[in-house]
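Thanks for coming. I have one structure to go through today, and I will keep it short. Please have a look at it on the screen.

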Amino acid sequence: MSLYSIIDVETTGGRASRDRITEIAIVLHDGNKVIDTFSSLVNPECPIPPGITELTGITNQMVADAPKFYEIAKQVVEMTEGAVFVAHNVRFDYGFIKEEFARLGYTFSKKQLCTVRLSRSVFPGLPSYSLGNLIRFFNISVEDRHRALADTLATVNLFERIMRAQNGLSEANDFINLGIKETRLPDGITLDFLHNLPETPGVYYFYDENGDVVYVGKSINIRKRVMEHFASQTSKSAKLHAMVRDISFEETGTELIALLLESAEIKKLKPAVNKAQRQQNFPYVIHYSFNEQGYLSFDILKPNKKLRKSLNIVNEYPKVSHARGALYRLREEFELCPQLLGLENGTSACFDYHIKKCGGACVGAVDVQEYNERAMMGMTVISSHIEGNMVICDEGRNLEEKSVVVVEDGELYGFGYFDKAEEIRNPEEFKNFVKPYPSNPEVKKILIRQIAALPKSKLVTY
């Protein structure tokens with residue numbers, strides 16, 4: 001018999017990492033009937049915004065003497081133990097409860113079922129699948145909308161209607177298991193094993209019957225990504241199904257370290273199924289110069305070590321076709337001249353000029369400064385250049401640690417973890433906590449993309 005914890009939370013806002021729970025209700029259900037019920041206001045330990053009070057009716061005064069989340073955490077664990085976590089828009093409610101437990105240093109991980117998606121599948125054709133619309137459509141009696149227990153009981157009513165539908169149970173199981181059938185899993189891999197994988201950032205490894213790694217991947221949610229491999233019907237998934245006999249993983253704390261570790265592991269292990277990021281050598285370069293008229297120009301070379309030092313290198317590539325592809329991208333996105341990109345030879349107007357795709361830098365018909373501004377923007381897009389030294393500090397794999405990535409002289413030095421209590425007085429000291437890893441243009445591309453998205457508070461330059 002399956003158990004389902006049907007849950008609703010009210011909160012101070014819409015972001016789990018920032019906002020807090022103000023009320024929670026849980027109804028334990030066996031698929032046929034209600035077994036137990038729990039509900040409580042929760043002191044969020046922060047003010048409730050007026051707009052939220054207007055929507056839910058929950059005031060700061062009402063939660064002032066309510067238990068804090070840690071005081072009801074044990075009951076939440078007991079009411080959800082061994083059960084599928086069910087909610088209307090499960091990502092929202094599950095995300096908030098998972099975040100509250102994370103603040104307590106506890107990993108909350110459950111199978112999940114979303115009644116929005118399930119209703120859409122079992123009752124197709126309705127104009128809207130919001131809880132309010134479904135309440136009206138099915139004429140469900142609700143006394144106090146936008147309060148946790150009332151909304152949970154409405155979701156229970158909806159859940160029971162779904163379960164009574166002809167295909168309700170099978171659809172629910174498909175959603176819980178992401179469409180994976182146990183009989184279609186590789187030998188030695190079970191649904192329970194997959195559901196016990198962590199929902200955290202990290203790198204995962206697929207092994208064949210000889211214990212050799214055949215595939216390395218990364219994700220911000222290891223469990224979800226691994227399950228997706230076995231749920232899809234691609235030729236790659238078929239190959240993995242035939243080869244995989246075991247799975248391991250390494251949690252990384254952040255997406256950045258997951259990306260860096262994945263890249264390093266693929267290059268080291270050379271898994272049979274991985275095609276990208278296997279390259280070890282990058283002999284071709286795009287470099288830039290200014291021609292006699294002052295236009296910024298590019299070219300592709302395969303230089304020796306001595307010549308490399310004299311070039312203004314933009315990026316390095318394993319194949320000349322990859323370098324040409326990057327320049328073709330600049331030609332399209334920034335309307336640059338193919339002659340000045342080194343894609344076409346000639347001393348007169350380029351072909352694109354005749355078909356009005358080039359403004360005429362090749363014949364001096366474009367203002368040099370205006371053209372060079374566009375060319376510089378394009379160079380920034382494909383550049384693998386990182387300036388100087390920096391340290392990136394972010395979340396660790398648990399509450400007691402932080403992660404660190406060290407960049408030295410524009411190259412990856414390494415990454416690792418340190419205790420939050422550690423007193424670090426000089427950025428150089430971070431190098432004591434990292435394992436060195438090889439740097440290469442692919443790694444630098446990862447760093448550039450991730451650094452651009454990071455808040456300045458996580459970066460230290462020196």
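Predicted model: local features only at pLDDT ≥ 70, side-chain atom pairs only at ≥ 80, totals over all residues.

Start with helix H3, residues 69-80, and helix H4, residues 90-103. Their axes are 11 Å apart, and the packing angle is about 120°. The crossing of H3 past H4 is left-handed. Which residues in H3 and H4 meet? On the H3 side they are Phe69, Ala73, Val76 and Val77, and on the H4 side Ile97, Glu100 and Phe101. By class, that contact has six nonpolar residues, no polar ones and one charged.

The handedness is right-handed as H5 passes H8. H5 brings Arg117, Leu118, Ser121 and Val122 to the contact, and these meet Gly168, Glu171, Ala172 and Phe175 of H8. The class count for this contact of H5 with H8 is four nonpolar, two polar and two charged.

Now the empty space. Rolling a probe the size of a water molecule over the atoms shows where such space is left.

How many cavities of 30 Å³ or more are there? The count is one. The largest cavity has a volume of about 40 Å³. Its lining consists of Thr254, Leu256, Ile257, Ile392, Asp394, Ser403, Val405 and Leu454. Three elements each supply at least two residues of that lining: helix H12 (255-269), strand S12 (390-395) and strand S13 (401-408). Five of the lining residues are nonpolar, two are polar and one is charged.

Last, the second largest pocket, which holds about 560 Å³ of space. It is lined by 22 residues, and the closest to its centre are Asn315, Tyr317, Pro441, Glu442 and Lys445. Strand S11 (313-317), helix H14 (320-334), helix H16 (368-382) and helix H17 (441-453) are the elements that give two or more residues to this lining. Which element gives the most to the lining of this second largest pocket? That is H17, with six residues. By class, the lining of the second largest pocket divides into ten nonpolar, seven polar and five charged residues.

That is what I have; questions are welcome.

Key: Residues numbered from 1 in each chain as written. Heavy atoms only, no water. Axes fitted to C-alpha atoms, helices over the stretch in contact; angles between N-to-C directions. Helix = DSSP H or I, 4+ residues; strand = E, 2+ residues; numbered from the N terminus. Left-handed = near helix turned anticlockwise from the far one by under 90°. Contact = heavy atoms within 4.5 Å. Nonpolar A, V, L, I, M, F, W, Y, C, P; charged D, E, K, R; others polar. 1 Å grid on protein atoms, 1.4 Å probe; cavity = no way out; pocket = protein on both sides within 12 Å on 5 of 7 lines; lining within 4 Å. Points joined across faces, edges and corners; volume = space filled by probe spheres on them.
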